[in-house]
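User: Hi, could you walk me through this one? I have not looked at it before, and I would like to go through it piece by piece.

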Amino acid sequence: MQPTLIDQIAESVLYEGYLLYPYRPSVKNTQRWTFGGLYPPAYCAGATGNEAAAMQMQCLVESGQAATLEITLKFLQLVNRQIGRLERPLTSPGDLSNASFALVDRLAIGGKELHAWQEAVERQVALDRLALHELVAKPHRSRFHFAAETQLEPIHDEQRRIAAVMVRQRLALSGAVEVAAETVAPGCHRLTVRAVNQTACEPAAIASRDQAMWCSFASAHLALAGEGCEFVSQIDPPQLWQAAVAQNENVGAWPVLVGEPPRRDLMLAAPIILYDYPQIAPQSPGTLYDSTEIDEILTLRIMTLSDDEKRAMEALDMRGRDLLHRVESLSPDALLQLHGEM
């Protein structure tokens, strides 16, 4: 797959809503990860809303006999970041695993302010290259598993002693990607790709959405690349395939063509609605975690934050810190470009 053509849009979709205005711990940031969530089956069985354990995309593919596909599932896994204050400072990180500490919501140490927070790690499941004609004869399933992990990061005080620890924990995740194809007409097939969360959880451990998110795939989306074939637009199909396209069933996924028109060998199935051939607005100086928009208003709002609010934003998250520095370094001309042109 050619990452330069699809990863920029995919990353924007992946981190849609990662940091919410006003980009620091607040009421607005307590309900995050709202797009493309695939929840553990045990939670979906008892939930009263429309939460799902699977997403499905269907599209038409025009192809010859030798057509092949590369399919990648991408999502974010939540990481629980906690701050532990050590009972007594340490001089060697080798003693950290046996140290006693008390968890706190925030801690000022070594000239920095640290916060407990939900981080995220990117997960990618890339399937082996699949032959389209083989998928017509037999569906394909790829299972995957990510093991649970705990990481300890030492935090030093002004005397260079280890006085605190940053604890990052993530739970085990399991799932599958299922791929099938059926012939619609000579030279045209309907491709079906499903991503399924199969993580086993005790119902008591995921009684609420906040608990279930630790076992979920956040911002899940699919990236497809074809060789020897072309995808048919789901939004604006040619008249020949309009009736067949209307029969596609997309659940939690919105497939669009990606790249430079009129090429049709790349497709992104996103959890948010996009047009074919989406692009990041060239006026934007960098991502503000708000999809492909220009983000003038959000930029101006960051510039009006108080010094205390900026310190909280900077301490919260590496991406928040980079975002703050990027906005503060904007030149007058760059800021004017965000206003748009007539």
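This is a predicted model: local features need pLDDT of at least 70, side-chain atom pairs count only at pLDDT 80 or more; totals for chains, interfaces and linings use all residues.

User: Is Met303 buried, exposed or partly exposed?

Analyst: Met303 is partly exposed, because its relative accessible area is 40%, which falls between the 20% limit for buried and the 50% limit for exposed.

User: Which residues does Met303 touch, not counting residues up to four places away in sequence?

Analyst: With those sequence neighbours set aside, Met303 touches Lys310, Val327 and Leu335.

User: What angle do helix H7 and helix H8 pack at?

Analyst: Helix H7, residues 307-316, and helix H8, residues 318-328, pack at an angle of about 135°, and their axes are 6 Å apart. H7 and H8 are therefore oblique to each other, because only angles over 145 degrees would count as roughly antiparallel.

User: And which residues make that contact?

Analyst: On the H7 side they are Lys310, Met313 and Glu314, while H8 contributes Gly320, Arg321, Leu323, Leu324, His325 and Glu328. Sorted by class, the contact of H7 with H8 has three nonpolar, two polar and four charged residues.

User: Stepping back, how many helices and strands are there in the protein?

Analyst: The protein has nine helices and 14 strands. Of its 342 residues, 49% count as buried. Among contacts between residues at least 6 apart in sequence, 71% join residues that are at least 24 apart.

User: Let us look at a strand, then. Where is Gln77 found?

Analyst: Gln77 is found in strand E1, which covers residues 54-90, and Gln77 counts as buried because its relative accessibility is 0%. Its side chain is joined to that of Arg123 by a polar contact of 2.9 Å.

User: What else is Gln77 in contact with, leaving aside neighbours within four places in sequence?

Analyst: Besides Arg123, Gln77 is in contact with Glu119, Ala120, Val121, Phe146, Arg170, Leu171 and Leu173.

User: And Arg81, is that buried or exposed?

Analyst: Arg81, whose place is also in strand E1, is buried, with a relative accessible area of 4%. Not counting residues up to four places away in sequence, Arg81 touches a list of residues that includes His115, Trp117, Glu119, Met166, Arg168, Leu316 and Asp317.

User: Switching to a helix again, what can you say about Leu135?

Analyst: Leu135 lies in helix H3, residues 132-137, and Leu135 is buried, with a relative accessible area of 3%. Leaving aside neighbours within four places in sequence, its contacts are Leu69, Leu130, His140, Val179, Ala180, Ala181 and Leu191. For one of these, Ala180, the C-alpha atom is 5.2 Å from that of Leu135, and the two residues are 45 apart along the chain.

User: How many disulfides does the structure hold?

Analyst: The structure holds zero disulfides. Cys59 is in no disulfide, and the nearest cysteine sulfur, that of Cys229, is 9.0 Å away.

User: Last topic, the backbone. Which peptide bond is cis?

Analyst: The peptide bond from Pro261 to Pro262 is cis, with omega near 10°, and Pro262 lies in the loop between strand E13 (254-257) and strand E14 (266-270). As background, most peptide bonds are trans, and most residues other than glycine have a negative phi.

User: What is the phi of Ser219, and where is that residue found?

Analyst: Phi of Ser219 is near 55°, a positive value in a residue other than glycine. Ser219 is found in strand E12, residues 218-231, and Ser219 counts as buried because its relative accessibility is 3%. Tyr277 has a positive phi of about 55° although it is not a glycine, and Tyr277 lies in the loop between E14 and helix H6 (296-303).

Technical notes: Residues are numbered from 1 along each chain as its sequence is written. Side-chain values use heavy atoms; hydrogens and water are left out. Helices (H or I, at least four residues) and strands (E, at least two) are DSSP runs, numbered from the N terminus. Buried means under 20% relative accessible area, exposed over 50%, partly exposed in between (1.4 Å probe, protein chains only). A disulfide is a pair of cysteine sulfur atoms within 2.5 Å. Contact means heavy atoms within 4.5 Å. Axes are lines fitted to C-alpha atoms, for helices over the stretch in contact, and angles run from 0 to 180 degrees between N-to-C directions. Angles under 35 degrees count as roughly parallel, over 145 as roughly antiparallel, 65 to 115 as roughly perpendicular and the rest as oblique. Ala, Val, Leu, Ile, Met, Phe, Trp, Tyr, Cys and Pro count as nonpolar, Asp, Glu, Lys and Arg as charged, and the others, Gly among them, as polar. A polar contact is a pair of N or O atoms within 3.5 Å; within protein, one must be able to donate a hydrogen and the other to accept it, and residues adjacent in sequence count only if both atoms are side-chain atoms.
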